Protein chains: 2
Amino acid sequence: MLFSTKAEYGVRLMVELGRRGRGDHETGEPVSLSAVAEAEVLPLSYLEHLVAKLRQAGLVTSVRGAHGGYRLARPATEIGMLDVVQALEGPIAPMECFHEVPEGRVLCSHESDGDRACATRLLWTRVHGGITKALAGTTLAELVEFADQHGAQTPVAGRAA
Amino acid sequence: MLFSTKAEYGVRLMVELGRRGRGDHETGEPVSLSAVAEAEVLPLSYLEHLVAKLRQAGLVTSVRGAHGGYRLARPATEIGMLDVVQALEGPIAPMECFHEVPEGRVLCSHESDGDRACATRLLWTRVHGGITKALAGTTLAELVEFADQHGAQTPVAGRAA
DNA sequence: CGCTTATCCGACCGATTGAGTAGGATTTAG
DNA sequence: CTAAATCCTACTCAATCGGTCGGATAAGCG
């Protein structure tokens, strides 16, 4: 498995926030985690861990206290899934020895010094590119729309019933 | 980490076989695992596990007994890295719930019945596509050539010194 | 004030997997 | 026969995953 359920659950959480927090993401009531947990049939206490990462990454904002909850920090059209998945799973590296250094360059820890490349670097670089392109090229808004169309099974209670 | 060292080591093993088994892959002496282990500085006993998978997948052939070893089962130009990585890591699924059924279609185990899609399917489908495209579009021959050019540090003893 | 609802935080736990070791059986060249 | 190699099974050790639990803090409401 490439990604764990952290990414799976976390993305579903984000989609749920996107569906419910429609309209202006600044206004409207925040969505409580327990509502999401119930809708997606996921353990609440586990979601708490995931949403913490999303919050630290600045992807969602929280409101504490009664009637509190979470909102998307930006409109869904401006949230790329690369950020979401990275927040949940950590840096996207196809391989242990594969680091991304600040300037978008890529590095393999087997390259002792200078810029000698280990045999497999070409491959992992391509894979890395394929993944990040797929993730970065998908916005949360697309997933929300997709969920609305195909998975109408959970019609977002309290809105357009 | 997306892939484990199984893929890393296994690919390096394949590259090593490609470099040493040059010329006709049918002729020439087979390469012993201990030679590869020494050249790549990898534990021999661990490589045995990996090469077993490659053999079962029909990617390498073996010769038992003294002076035995391994050869590529096909010329390196006809070995796609998707097959190699799949042999080592198992089926490439970005996510637990993501299966590939015979007809190239894709399935999410959350789609209880019918063809309802869960919210995240669109994303994982794209990621899966990105990975398999990158892997399938790279041949072992490319990696061998890349290794020859960039990583001349191990000049394949006994040939074109 | 005090209760309820919620986010927050960290410790803990069982199961699985990854990475590697160990030991031996089998096959074959010399 | 012996040395060199593949083959096969079992085992260990550590990390991670998925999840639980208990409690602290914060805010709305009567």
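How many residues surround DNA strand D, and which are the closest? There are 24, and the closest are Ser4(A), Pro43(A), Gly65(A), Leu33(B) and Ser62(B); a residue is near a strand if its C-beta atom, placed from the backbone, lies within 6 Å of it. The model is predicted, with local features needing pLDDT of at least 70 and side-chain atom pairs counting only at pLDDT 80 or more, while totals for chains, interfaces and linings use all residues. Residues are numbered from 1 along each chain as its sequence is written, and chains are lettered from A and ligands numbered from 1 in the order in which they are written.

Helices H1 (5–20) and H3 (44–56) of chain A, with helices H2 (33–40) and H3 (44–56) and strand E2 (69–72) of chain B, each give two or more residues to the surface near DNA strand D. Helices (H or I, at least four residues) and strands (E, at least two) are DSSP runs, numbered from the N terminus. H3(B) gives the most, three residues.

Between the chains, 37 residues of chain B are in contact with 37 residues of chain A (C-beta atoms, placed from the backbone, within 7 Å). H5(B) supplies the largest share of chain B's side, ten residues.

Val41(A) sits in the loop between H2 and H3 of chain A and is exposed, with 9 other C-beta atoms within 10 Å. His67(B), in the loop between E1 and E2 of chain B, is also exposed, with 8 such neighbours inside 10 Å.

Technical notes. Contact = placed C-beta atoms within 7 Å. Buried ≥ 20, exposed ≤ 12 C-beta atoms within 10 Å, placed from the backbone.
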